[in-house]
Amino acid sequence: MKTGEGQLNEIYLDSSARILCPPELIPSPGQYLLADSPASNAPLSVPIFLSESTPDGFRSAPALPALWTPGTRLILRGPLGHGFSIPAFAHKIALLAFDDSPARLRGLIPLAFKQNAEVVLLCNSVVSDLPESVEIQPLQALAEILTWADFIAADVARENLNQFKEAMKKGGRVLPETQALIRAPMPCGALAECGVCALTVDYHWKMICKEGPVFAMGELL
Ligand code: FES
């Protein structure tokens, strides 16, 4: 893990932000940084996810603390956790924003295109600035997409994990390879082992901040 300085450069309408930082601190899709603003007295670090790469840094997923304004200096630690890893065989990729914006999944789009994959984005929120070749479908199309995709990357809140697993069964056949980013508060990024990010799967605890936040579907059953 590296520590370095960054700066919040610009805030977009959707409350995402452009962060300037050294290239070695840019998280890959699904990984995160822990950020602190020395100017604020906030006791907890803020996890920041990549939405897309930008020159000299990256665009974060929304939303960041309201007190952070353009010019805010940030102390950044990371990249932390396990991110997504698109399998080499995947050529029909579905990005599934199960209960939030697809911001944390967008960074996968250029990686998918690099391996000539088709991309379908499933979400129920309004999205803009997507490449034209990305097809957008509502979540109601999930059962159909499950029969089409050979890889699924999902974004799910910890409290909705059971609903997500139920929805994934609706395809009625063997699931395509699936990885899911599980969202939960991650105030210490495993540095203090606070346990706030704990996830119970089959009576076992997993630390989302360290063992995730991206899990293979098999680890969640
Ligand atoms: S965030 Fe503290 S142990 Fe995971």
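**Domains.** I began with how the chain is divided: domain 1 covers 2–80 and domain 2 covers 92–220. I kept in mind that this is a predicted model. I then looked up the spacing, and the C-alpha centres of domain 1 and domain 2 lie 22 Å apart.

**Where they touch.** I next checked the contact between the two domains. Domain 1 puts in 17 residues and domain 2 puts in 13 residues. On the side of domain 1 that touches domain 2, I listed the elements giving two or more residues: strand S3 (32–36), strand S4 (46–54) and strand S6 (73–80). Which of them gives the most? I found S4 at the top, with six residues. I also sorted the residues of this side by kind, and got ten nonpolar, five polar and two charged.

**Strand S4 and its partners.** S3 and S4 run antiparallel and are joined by four bridges. Here I noted Leu-33 opposite Ile-48 in S4. S4 also pairs with strand S5 (residues 57–60), again antiparallel, over four bridges. I looked up Glu-52 and found its bridge partner in S5 to be Arg-59. The hairpin of S4 and S5 has two residues between the strands, and I noted that Asp-56 takes a positive phi near 70 degrees there.

**The core.** I turned to the largest nonpolar core, which has 60 residues. Leu-95, Ala-154 and Ala-180 have the most contacts inside it. I then looked at Ala-154. Leaving out residues up to four places away in sequence, Ala-154 touches Leu-96, Phe-98, Phe-164, Thr-178, Ala-180 and Leu-181.

Note on methods:
Residues numbered from 1 in each chain as written. Predicted model: local features only at pLDDT ≥ 70, side-chain atom pairs only at ≥ 80, totals over all residues. Domains from an automatic or database assignment. Contact = placed C-beta atoms within 7 Å. Nonpolar A, V, L, I, M, F, W, Y, C, P; charged D, E, K, R; others polar. Core = buried A, V, L, I, M, F, W, Y, C linked by C-beta atoms within 7 Å. Buried ≥ 20, exposed ≤ 12 C-beta atoms within 10 Å, placed from the backbone. Pairing = 2+ DSSP bridges.
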